[in-house]
Amino acid sequence: MTGVTTSEAGNALAPTGTLRATITFGNPILASRNAETGEVRGVSVDLARMLADHLRVPLKLHVLESAGKAVAAVEAGEADIGFFARDPDRAALIAFTAPYVLIEGWYLVREKSNFLKLEDVDTNGTRVTVGKGSAYDLFLTRQIQHATIERAPTSPAVVETFLETYADVAAGVRQQLGKDAAALGGLRLRPERFMVIEQAMGVARSHDSAAEVHLSDFVERVKAAGIVSEALDRHAITGATVAAPRTA
């Protein structure tokens with residue numbers, strides 16, 4: 001982190017002497033947990049460990065099931081940093097870095113669905129299932145004018161909830177929806193995305209303002225050094241791209 005000492009950055013980002021980072025499983029591009037061993041792994045885990053190593057402090061992962069709970073944990077001071085989709089509704093509580101990864105939000109429908117265009121989804125009587133508090137929930141809540149939004153407990157539960165409730169459309173991360181469609185059959189992805197999600201790191205706005213500066217510098221360094229790209233390759237993540245460098 002150019003121009004500052006490790007101790008200065010550590011005091012700002014990990015004031016307790018331990019870097020406490022939220023990790024969620026709502027987005028399989030960023031993190032997952034082995035069902036048998038309980039091991040937590042993924043791009044966000046790698047970045048959290050790298051940041052802790054740079055600061056020369058221990059790392060404590062605060063593992064949560066949804067982005068909404070992660071935002072609340074960081075805002076309440078239960079964690080120091082988190083990995084979030086940038087969203088204006090969250091910006092009142094979270095100071096975001098520039099994005100480090102760009103991913104896509106897609107719609108999933110049944111094979112025999114007659115939704116031909118994106119705009120066909122936003123019609124009276126259409127029911128759209130999203131993960132509660134997810135980036136897709138926040139975005140579609142602002143955008144949808146006629147369809148009804150119904151919320152699954154978490155993003156990984158979207159397709160299950162969509163099927164159980166006989167909803168018309170499921171919305172979420174393309175990779176997760178595609179995986180579920182392949183496993184369950186009788187489902188298909190719409191042929192185009194409905195949004196691009198900017199994945200970033202963030203700290204509470206109530207945190208020391210220096211923390212945002214140090215965290216932003218870290219994100220730019222790992223993008224420029226190819227570390228984010230290497231992490232995507234290491235975890236066999238496809239369909240996501242490294243975000244461009246921050247502009248002045």
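Select Arg190 and Glu192 first. Arg190 forms a salt bridge with Glu192, and their closest N and O atoms lie 4.0 Å apart. This is a predicted model. Now colour the pair by accessibility. Arg190 has a relative accessible area of 2%, so it is buried, the cut-off being under 20%. Glu192, at 37% relative accessibility, counts as partly exposed.

Next, select Arg142 and Asp87. Their side chains meet in a salt bridge, N to O at 2.9 Å. The two residues come from distant parts of the chain, 55 residues apart. Arg142 sits in helix α4 (residues 135-143). Asp87 lies in the loop between β5 and β6 (94-96). Which of these two is buried, and which is partly exposed? Asp87 is buried, with a relative accessible area of 5%. Arg142 counts as partly exposed because its relative accessibility is 32%.

Asp87, Asp89 and Arg142 are linked in a network of salt bridges.

Move on to Asp80 and Arg20. Here the side chains meet in a salt bridge with an N to O distance of 2.8 Å.

Finally, display every salt bridge. How many are there? The count comes to 12 salt bridges.

Definitions and conventions:
Residues are numbered from 1 along each chain as its sequence is written. This is a predicted model: local features need pLDDT of at least 70, side-chain atom pairs count only at pLDDT 80 or more; totals for chains, interfaces and linings use all residues. Side-chain values use heavy atoms; hydrogens and water are left out. Helices (H or I, at least four residues) and strands (E, at least two) are DSSP runs, numbered from the N terminus. Buried means under 20% relative accessible area, exposed over 50%, partly exposed in between (1.4 Å probe, protein chains only).
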